[in-house]
Amino acid sequence: MQEKTTSQKPRGALIALEGIDGSGKSTQSRMLAGRMRREGIPCYTTMEPTDSPFGSLIRQILTGRLKTDNRAIAPLFVADRLDHLLNDVNGILHKIEEGTIVITDRYYFSSYAYQGVDLPMDWVIKANEPNSSILRPTVTVFLDITPELALERISANRHQKELFEEKSRLAQVREKYIEAFQVLKGVEQVAVIDGNGSPQEIADAVWKTVSRYMATS
Ligand code: ADP
Ligand code: TYD
């Protein structure tokens, strides 16, 4: 089997949306895709954990149906991400090689931030090297909101909380995101956007950032 690497120069781009739970990623993913379509730019939206068997195993852990050690959860996210990149049906790499702009709701910074709370961050970054060596995002957009607002938004819309949806936990995750951006400064392209405005205000800020990175990539 031929190995897939970035040496087959990608023509599309990968935009990764990041943030704590409830920060507005899926709303902004939808709005960004809408904007791109109106601009005539071919795009594809996707998310992690994925809907593959790896993702479904992860979701069983997130809902508490399955329990395992944090050191076992981290590599599951790595495997789900590798499949997300490489699978032949709807893999990100394939889409990008076709010239599509892929917008993903979460990518490896989610692992650095969430798994980085329980495990040494450099361990998590190293575990994700198979992913980062295949494809780094053109830009990672971090939607920054307070854990208080995130929980308000989550509880207004859902009853059941997942594994990582506690206020103190979300505060730790936010800190870890910021730490990861510092650790990878100069390696990764990251844009921090204030996620406290109206959906349209945030969408305008996201578009301004993304179109700038796409123009220079
Ligand atoms: P995430 O994907 O990051 O968990 P969502 O986009 O699902 O976040 O948003 C969480 C909840 O907050 C949803 O019910 C959504 O409709 C709402 N929401 C999203 N963006 C905003 C915003 N800018 N202002 C107010 N509510 C929002
Ligand atoms: P998601 O369904 O995106 O939650 P939300 O829409 O509320 O943001 O993600 C599910 C959970 O998985 C979320 O709490 C973050 C966690 N997660 C990790 O811990 N590590 C990872 O690498 C990824 C991709 C997600």
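Helices (H or I, at least four residues) and strands (E, at least two) are DSSP runs, numbered from the N terminus. The views below show a predicted model, in which local features need pLDDT of at least 70, side-chain atom pairs count only at pLDDT 80 or more, and totals for chains, interfaces and linings use all residues. Residues are numbered from 1 along each chain as its sequence is written, chains are lettered from A and ligands numbered from 1 in the order in which they are written, and side-chain values use heavy atoms, with hydrogens and water left out.

**View 1. The shell around ligand 1, with H1 as its main contributor.** Welcome to the ligand site. Around ligand 1 sit Gly22, Ser23, Gly24, Lys25, Ser26, Thr27, Arg153, Asn157, Gly197, Ser198, Pro199 and Ile202 (a residue is near a molecule if one of its heavy atoms lies within 4 Å of it). Helices H1 (25–38), H8 (147–157) and H10 (199–216) each bring at least two residues to this shell, and H1 gives the most, with three. By residue class, the shell has two nonpolar, eight polar and two charged members; Ala, Val, Leu, Ile, Met, Phe, Trp, Tyr, Cys and Pro count as nonpolar, Asp, Glu, Lys and Arg as charged, and the others, Gly among them, as polar.

**View 2. Polar atoms facing ligand 1.** One oxygen atom of ligand 1 has a polar side-chain atom of Lys25 at 2.7 Å. For Ser26, a polar backbone atom is 2.9 Å from an oxygen atom of the ligand. Gly197 also takes part through its backbone, with a polar atom 3.0 Å from a nitrogen atom of ligand 1. Taken alone, ligand 1 exposes 550 Å², and the protein buries 70% of that (areas from the Shrake-Rupley method with a 1.4 Å probe; for residues, only the protein chains shown count as cover).

**View 3. Aromatic pairs and a ring cluster.** Rings of Phe, Tyr and Trp (its six-membered ring) pair if their centres lie within 6.5 Å; planes under 30 degrees apart count as stacked, over 60 as edge-to-face and the rest as tilted. By this rule there are nine aromatic pairs. Phe109 and Tyr112 make an edge-to-face pair, 5.2 Å centre to centre with 70° between the planes. These two are about one helical turn apart, because they are three residues apart in helix H5 (residues 108–118). Both Phe109 and Tyr112 are buried (under 20% relative accessible area, with exposed over 50% and partly exposed in between; 1.4 Å probe, protein chains only). Phe142 and Tyr177 have ring centres 4.8 Å apart and planes at 45°, so this pair is tilted. Since Phe142 lies in strand S4 (residues 139–144) and Tyr177 in helix H9 (residues 167–183), the pair ties together parts that are 35 residues apart in sequence. Phe142 and Tyr177 are buried too.

**View 4. Arg81 between Tyr107 and Glu48.** Arg81 lies over the face of Tyr107, 6.0 Å from the ring centre (NZ of Lys or CZ of Arg within 6 Å of the ring centre and within 35 degrees of the ring normal). The side chain of Arg81 also joins that of Glu48 in a polar contact of 2.7 Å (a pair of N or O atoms within 3.5 Å; within protein, one must be able to donate a hydrogen and the other to accept it, and residues adjacent in sequence count only if both atoms are side-chain atoms). Glu48 is placed in the loop between strand S2 (43–47) and helix H2 (53–62), and is buried at 4% relative accessible area.
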